[in-house]
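Open the model in your viewer and keep the selection panel at hand. The stops below go from one chain to the next.

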Amino acid sequence: MKITFDWLKEHLNTNLKEEKLLEQLTNVGLEVESVANLSEGLDLFKVARIIKTEKHPNADRLKVCDVDVGEKELKKVVCGASNARKGLITIYAPPGAVIPKSKAKLVVAKIRDVTSYGMLCSESELNLSDESDGISELSSVKYKKSIGKSYFSKSKSNLIDLSITPNRPDCLGVRGIARDLAASGIGKLKDFKEKKNKSNLKQSIKVKINKEKIQGCNAFGSCIIKNVKNAESPKWLKDKLISIGEKPISAIVDITNYVMFDINRPLHAYDADKIEKGIVVRNSKSGEDFTALDKKNYKLEDNMCVITDNKGVLGIGGIIGGTRSGTEFDTKNVFLEAAYFDPTSIRSTAKKLNIDTDAKFRNERGIDPLSIEEGLNKAASLIKEICGGEISKIDIQKIETYKNKIIKFDTNLFERISGFKISTKEMIKILEDLGFNCKKEKKYLRLSVPSWRPDILQDIDIVEELVRISGYDKINIVDPIKERTKSTLTQPQKLFHFLQRAIASKGYMEAITWSFTDSNYNDHFKGLNKEIKIINPISSELGVLRNSIFSNLIMYISKNLDRGFKDLSIFEIGPVFSGSNPGDQTTVVCGLSAGKKSRLSWIEKERNVDVFDVKKDVVQTLVEAGYSSDKFFIDNETPNYYHPGKSGRLFLNRGKDQIAANFGEIHPNILKSLDIKSESLVGFEIFLDNLKLPKKTLNDQKPKFIISDFQKSERDFAFVVKKDVKAQDLINVISNVDKDLISNIQVFDVYEGENIPENQKSIAISVTIQSSKKTLNDNDLESINNLIIETVENKTGAKIRS
Amino acid sequence: MSDLKNIKEKFIIKLNDNLNLDEINKIKSELFGKNGLISSQFKNISSISEIDRKKFASDLNQIKDELQNLITNKINEIESKKINEKLEKEKVDITLPERSFVRGKIHPVSQTIDEISSIFSEIGFSVEEGPDVENEYNNFTALNTPDNHPARDMHDTFYLDETKNLLLRTHTSPVQIRTMLKDKPPFKIIAPGRTYRSDSDQTHAPMFHQVEGLHIDKDINMGHLKGCLNYFIKEFFEVDKIKMRFRPSHFPFTEPSAEVDIGYEIKDGKIVIGEGDQWLEILGCGMVHPNVLKNVKVDPSKYQGYAFGIGIDRLAMLKYGINDLRAFFECDYRWLNHFGFDPLDVPTNYRGLSR
């Protein structure tokens with residue numbers, strides 16, 4: 001909502017300076033978004049006379065004009081307008097001036113080799129009207145003595161742009177804003193003397209509102225102004241509209257706009273002679289169509305509130321008028337409409353037709369239903385004043401009579417909510433200033449809500465009015481008590497934060513990427529999930545919810561590789577989606593690592609990152625989080641975006657109930673198809689929601705501290721096994737031989753090749769044997785030794801290597 | 001006796017020669033070996049007359065100790081000389097680079113969320129979460145924003161189905177609804193998380209982060225709201241004083257509603273929070289609307305309280321001097337490295353939020 005200080009003062013008696021006033025606007029909840037001086041720089045635009053024109057030497061359509069701008073020397077200006085001629089008084093913009101329409105700053109420029117000092121302006125370029133055909137032609141009678149003077153009268157009033165919240169339609173009019181300010185005690189709302197038109201002339205166009213199941217229009221007021229002469233608006237009216245950034249069009253349109261901005265009463269003016277046999281306000285039927293003032297043809301659906309005549313639809317009520325019945329400069333008789341439309345109906349119609357107009361914006365927020373007469377009177381009087389003519393009686397058709405809402409307000413509620421006190425007397429003063437009718441009844445105030453406040457529905461809304469007008473600075477600060485009765489984070493939340501930092505501490509940069517992604521990337525990683533489309537995505541590259549974090553991470557790692565980084569590790573912890581219902585999501589920690597370890601190191605051997613690097617990161621992280629690696633079980637049934645031979649699935653135990661993590665090399669086909677340029681790319685996913693929470697927290701007592709001081713002994717074994725025998729199985733078999741005696745098992749070599757039969761491999765294992773009860777003697781050791789060999793050979797088909 | 005004395009003197013002279021380790025060991029066995037000079041003297045003790053025996057034994061022990069010490073010292077001397085010679089040869093260029101290491105970082109948004117949680121933890125809030133995909137009811141209707149309410153225009157919503165029932169939550173407020181539906185008052189929670197609006201330009205991203213706050217109890221009023229936010233802002237920006245302005249605003253789910261601005265100024269091209277005469281909007285808040293309480297089966301005549309919503313990314317930008325919101329989500333390695341935090345820097349109350 002744009003207003004000026006000057007316009008505001010037409011409704012408000014105040015001594016306050018503009019600066020204080022701006023502060024007060026924000027204090028009562030009418031936030032000042034910006035303040036701009038519109039007339040700044042406009043004084044540069046001068047009234048000027050063309051003394052001579054010549055054809056441009058290098059361009060047929062251009063003229064070189066000598067222009068008198070009231071200075072000693074004439075200015076040479078190149079101009080393309082066909083109406084540029086000797087003697088014409090027009091408007092000149094010098095170099096340095098900013099053209100209001102294009103916001104372009106003029107400079108001295110050579111136009112086809114002729115230097116032009118400034119420009120002669122059209123009305124459209126100055127936002128004075130839509131006239132763009134030729135330069136402005138000023139009346140020689142009026143302006144002959146003004147050559148060299150500023151064209152625009154100096155306005156000191158700034159353009160104030162307010163952000164009006166959607167609950168306050170009343171403040172979409174200057175008067176509503178003035179009323180709020182007055183209530184806050186910084187001035188007095190001026191009395192508004194409504195000019196009643198005394199007329200004997202009958203409103204001759206019959207209006208009927210149909211009763212509908214879904215009622216779009218509840219009241220329709222109208223009057224006719226006969227024998228008008230529509231014209232350009234007088235300067236005061238033009239200036240007024242220009243001062244708030246609006247463009248004048250014609251007196252009749254400008255007047256309806258003026259009334260709308262002044263008291264938020266939208267009006268619509270029809271050419272009465274174009275209305276065929278009376279008006280019917282009804283709901284549309286599917287299949288009807290009409291051409292609106294925006295020159296578009298709209299196909300209507302059922303139950304849209306329309307204004308019609310015998311020939312069809314004239315306009316969509318409260319949203320947009322039609323071309324057929326619009327006023328023009330030659331309009332003789334004006335039919336003026338002021339109606340009350342149901343905000344919900346307005347909104348649903350505008351949404352379906354995708355129309356956004358100023359009238360729609362206002363009507364969907366709720367117009368004062370009792371302002372019909374006031375609006376018609378005000379506009380009709382102005383039309384008569386400016387365009388002449390005769391005003392008819394006002395006709396108002398109604399479906400129901402408006403009744404003011406009544407609220408019984410318990411005055412105690414105010415302090416209960418706001419935490420501070422004001423007297424009942426003060427409450428009444430504020431509410432009356434806002435237009436409420438107050439009656440004191442014992443403990444209550446019986447309040448009649450003003451018709452322009454559709455937002456006030458219950459007692460809490462009254463509290464809001466009272467706090468707002470009293471000032472939020474009156475609210476006392478109550479310092480919070482430092483007391484905690486419940487733990488801040490739940491165990492899963494703690495785990496989330498732990499994993500996040502555990503992964504970061506292994507050299508991964510944390511990234512946060514969109515929850516949506518490109519379906520081309522997502523396709524590679526969606527596994528068995530179905531694609532979840534967004535109906536209205538920002539762009540097709542962000543068209544689906546991610547089924548995996550990999551799609552985004554791999555895209556961004558690729559971008560970073562393109563930036564010239566070679567060795568990168570990034571991760572994200574966040575949601576992935578499996579369906580489009582609330583809750584169809586799980587939390588995943590997903591990481592990618594590209595390139596080499598120890599690249600260009602003088603001391604370490606460089607190598608590609610590999611599956612055992614990510615395996616380490618995953619296992620270490622889980623162990624740090626409190627899971628026991630002794631129980632982990634790993635297989636290789638990974639999703640298809642991993643390298644089938646170099647990837648694994650990790651379970652927290654042999655039960656294999658839920659996958660704790662996947663890790664491995666990304667499938668080479670994906671790297672190829674996405675054109676990822678890296679020596680190696682490995683990744684992992686840890687599924688947070690699948691991690692059973694450790695039963696014991698750090699809070700719980702740690703288990704009993706048991707150690708053995710008896711001598712331990714290390715024995716090495718080398719087993720030759722079939723290639724497909726897994727180290728995990730071998731270790732498992734050995735550890736089960738004697739859980740009391742075998743305290744540690746370590747694989748220290750894996751070998752294939754010479755001396756080992758084909759399709760077999762040798763695995764060398766070191767086993768630590770220690771008793772908690774005694775020092776083991778040679779016999780004891782020998783027997784456990786033999787037992788290990790025997791068991792492994794029996795259970796895995798291995799042969800001990802001699 | 002003179003024998004002993006002779007041995008002693010003779011060997012002291014011998015040992016003081018410039019001997020190598022082998023030579024010393026040879027002398028050692030000459031003296032203390034099985035038939036060594038000293039060892040054999042011990043065998044003689046029994047043959048000495050009872051009168052002299054005591055003295056002889058004492059002298060012999062003394063000489064033995066003396067020579068032994070001398071030998072040990074000589075050996076140590078030579079060994080330590082040897083080690084020193086060896087160390088002299090083992091010197092490395094210690095300015096060569098260490099073995100390589102990589103450093104991970106925590107994203108500034110995550111760090112900020114931890115800071116926020118830490119601050120609210122101190123005054124008794126616990127953390128709640130809700131899903132990113134919401135239904136229309138939880139995101140709008142239950143929050144007193146019925147269909148065809150103009151306030152819905154303020155939220156450009158991403159939808160997942162044609163009937164517009166499923167959507168990406170446009171704010172964290174639906175967590176209020178979920179929390180209150182599943183439990184009984186009082187409530188004192190914050191809910192940080194991802195939020196989405198189909199809006200994308202320099203200052204808007206289609207995804208951003210919010211933290212919701214909700215405190216419902218029997219007598220929570222606007223003074224508590226002001227106190228809570230005042231405390232939070234001071235703690236978050238780690239300043240003693242902060243200029244803060246509550247101004248009336250409108251949200252369908254709170255009444256009365258307020259927006260909160262903090263004072264700032266631009267000094268040497270950098271934003272300084274807390275002072276100055278410029279205002280910056282950082283959050284929206286208000287008293288939970290009775291209609292919302294009714295929707296979640298909480299009796300508004302018994303319970304009342306406040307709610308707030310803060311833009312996390314915005315807070316992070318202000319605190320850490322980050323200019324471009326979109327860069328948060330563009331994953332530029334250089335940016336992550338520059339603005340990220342060491343994972344060991346866990347924000348805590350006792351140590352302070354930041355170093």
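This is a predicted model: local features need pLDDT of at least 70, side-chain atom pairs count only at pLDDT 80 or more; totals for chains, interfaces and linings use all residues.

Residues are numbered from 1 along each chain as its sequence is written, and chains are lettered from A and ligands numbered from 1 in the order in which they are written.

**Helix pair.** Select residues 235-243 and 251-263 of chain A, which are helix 5 and helix 6 (helices are DSSP runs of H or I, at least four residues; strands are runs of E, at least two; both are numbered from the N terminus). Their axes come within 11 Å and cross at roughly 55 degrees (axes are lines fitted to C-alpha atoms over the stretch in contact, with angles from 0 to 180 degrees between N-to-C directions). Now show L237(A), K240(A) and L241(A) of helix 5 with D254(A), N257(A) and Y258(A) of helix 6, which make the contact (C-beta atoms, placed from the backbone, within 7 Å).

**Interface.** Next, select the side of chain A that touches chain B: 80 residues of chain A are in contact with 69 residues of chain B. Helix 2 (18-27), helix 7 (343-353) and strand 32 (568-577) of chain A are among the elements that give two or more residues to this side. Its largest share, six residues, comes from helix 12 of chain A.

**Chain B.** Finally, select chain B, with eleven helices and ten strands. Its C-alpha atoms fill a box of roughly 125 × 45 × 45 Å, taken along the principal axes.

Key:
Two residues are in contact if their C-beta atoms, placed from the backbone, lie within 7 Å.
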